[in-house]
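I opened a new page for this structure.

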Amino acid sequence: MPGGVSSPVRAYLSVGGEPPFLASASGTRVTDEAGREYLDFVGSWGPLILGHAHPKVVQAISEAAAKGTSYGAPCLAEIQLAEKVVEASPVADQIRFVNSGTEATMSALRLARGVTGRDLMVKFNGCYHGHGDAFLVKSGSGLATFGESSSQGVPQSVADSTGVLPLNDIPALEQWFEVHGAQTAAVFVEGIPANCGLLPQTKAWWNELSALTKKHGALLVVDEVITGFRLGKGGYCEIAEVEADLVTYGKVIGGGLPVGAYGGRQEYMELISPQGGVYQAGTLSGNPLCMAAGLAALKVLETENGWTRLEELGAYWENLLQPLMARETADGHPVSLRREASIFWLCFGADTPPLDFAGIPADGAKRYARFFHHLLNAGIMIAPSAYEVGFLNLAMTKQDLEIAADAFGAALEASR
Ligand SMILES: *Cc1c(COP(=O)(O)O)cnc(C)c1O
């Protein structure tokens, strides 16, 4: 296995050391093969909003598995989950299930190109939309230009169809649309960019993005793979009243199993095969096992007042951490906190968290690596990269957070 892993960040290259191999997980804790237990803020990178192995989710999976894991035919569970998503989403009149967030964004891009008959798409520096060729493009030199591929193996022709703009930069948006507006099929943006720090955009920026896409007939695609069903039932689009054309989901809607989905207005979704000419398919898509897990997780969130409780936990966590940020910054070792609901990020090297990628201090990663290992030794697992966010879950108690905050305080001091 290249790097010993199935997904690169798991190899600990940016923090050093050997990743623990996990053997089991329950509630707030993961346990490695050596029997060491960790309080887990990674949450499998976002899906586990109820914590690990929630009894209701495990039960739903077991019951579904006993009735067969995949039919390759329509089933009731996919209709039930689709109804839940469509009911909750301010964007989606219809959805199509796929197996990952990557598939959701790739398919949404194809649909946007099918709808508009245009080729160009725009993304933002600091957003992640999975590993489809079109999205593995970073900004080239100069402002508001086409990108360069960020991975070997991505054809230049693909990078040539992708514009990469900085976040939090209205003039860059205006410049792009002035030159390329008539050729632009879609603009992709995360609801709250949470894959390169946590970079919420201003209301003014969203308004401008919305107005420009409308004016030029480009589709606004909000990637809610992290934010969907995590910030609240209707995701970022509902909270911020963003009028998107298409939306993508993943992570939380799978209840910890592999699921993605894309949705949008009916007139667009009707273009997807078999109804329309935009082809997209999947052998295991909408299988009863994954649908049951997602459905069970969303039901728990609804019936247990999940989003309100997560916001309360988040506020409590923020209050515990803020004095530590202030202490470090006053002592000349600036670090700052950004929190949005149950998502949080510590920015090392900045006393105020930035709103764009360029504002993230590059040298913060060295201290983060020391911080990370102090926490790991103290039995706390956070993401092995300074650019990744942390997640709270419904299994966590205020007491868990108090214990964690003490450890964060000690690790901050020790990592100076
Ligand atoms: C994780 C993520 C993806 C990719 O999802 P996978 O299931 O890992 O393929 C896409 N977009 C966003 C915003 C994500 O956070």
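Entry 1: I began with the side chain of His129, which makes a polar contact of 2.8 Å with the side chain of Asp223. For my own record, a polar contact is a pair of N or O atoms within 3.5 Å; within protein, one must be able to donate a hydrogen and the other to accept it, and residues adjacent in sequence count only if both atoms are side-chain atoms. This is a predicted model, where local features need pLDDT of at least 70, side-chain atom pairs count only at pLDDT 80 or more, and totals for chains, interfaces and linings use all residues. Residues are numbered from 1 along each chain as its sequence is written, and side-chain values use heavy atoms, with hydrogens and water left out.

I then looked up where His129 sits. It is in the loop between strand S5 (120–125) and strand S6 (137–139). Helices (H or I, at least four residues) and strands (E, at least two) are DSSP runs, numbered from the N terminus. Is His129 buried or exposed? It counts as buried, because its relative accessibility is 2%. I noted the cut-offs: buried is under 20% relative accessible area, exposed is over 50%, and partly exposed is in between (1.4 Å probe, protein chains only).

**Entry 2: the ligand.** Which residues are around the ligand? I listed Ser100, Gly101, Thr102, Tyr128, His129, Gly130, Glu190, Asn195, Asp223, Val225, Ile226 and Lys251. A residue is near a molecule if one of its heavy atoms lies within 4 Å of it.

Next I checked some distances. An oxygen atom of the ligand is 2.9 Å from a polar backbone atom of Gly101. A ligand nitrogen atom lies 3.3 Å from a polar backbone atom of Tyr128. Asp223 turned up again: an N or O atom in its side chain is 2.7 Å from a nitrogen atom of the ligand. On its own the ligand has 380 Å² of accessible area, and the protein covers 82% of that. These areas come from the Shrake-Rupley method with a 1.4 Å probe; for residues, only the protein chains shown count as cover.

**Entry 3: helix H5.** I moved on to helix H5 (residues 170–180), where Ala172, Leu173, Trp176, Phe177 and His180 are buried. Why are they on the same side of H5? They cover an arc of only 130 degrees around the axis, so they share one side (the arc is that of the directions from the helix axis to the C-beta atoms). The face turned away from the buried side carries exposed Pro171, Glu178 and Val179. At the start of H5, a side-chain oxygen of Asp169 comes within 3.1 Å of the backbone nitrogen of Ala172.

Entry 4: Most residues other than glycine have a negative phi, and most peptide bonds are trans. I found exceptions. Asn168 has a phi near 55 degrees and is in the loop between strand S8 (162–166) and H5. Ser44 also has a phi near 55 degrees, and its loop runs between strand S3 (37–40) and helix H1 (55–66). A cis peptide bond, with omega about 10 degrees, joins Ser273 and Pro274.

**Entry 5: the whole chain.** How many helices and strands are there? I noted 12 helices and 16 strands in the protein chain. Of its 416 residues, 55% count as buried.
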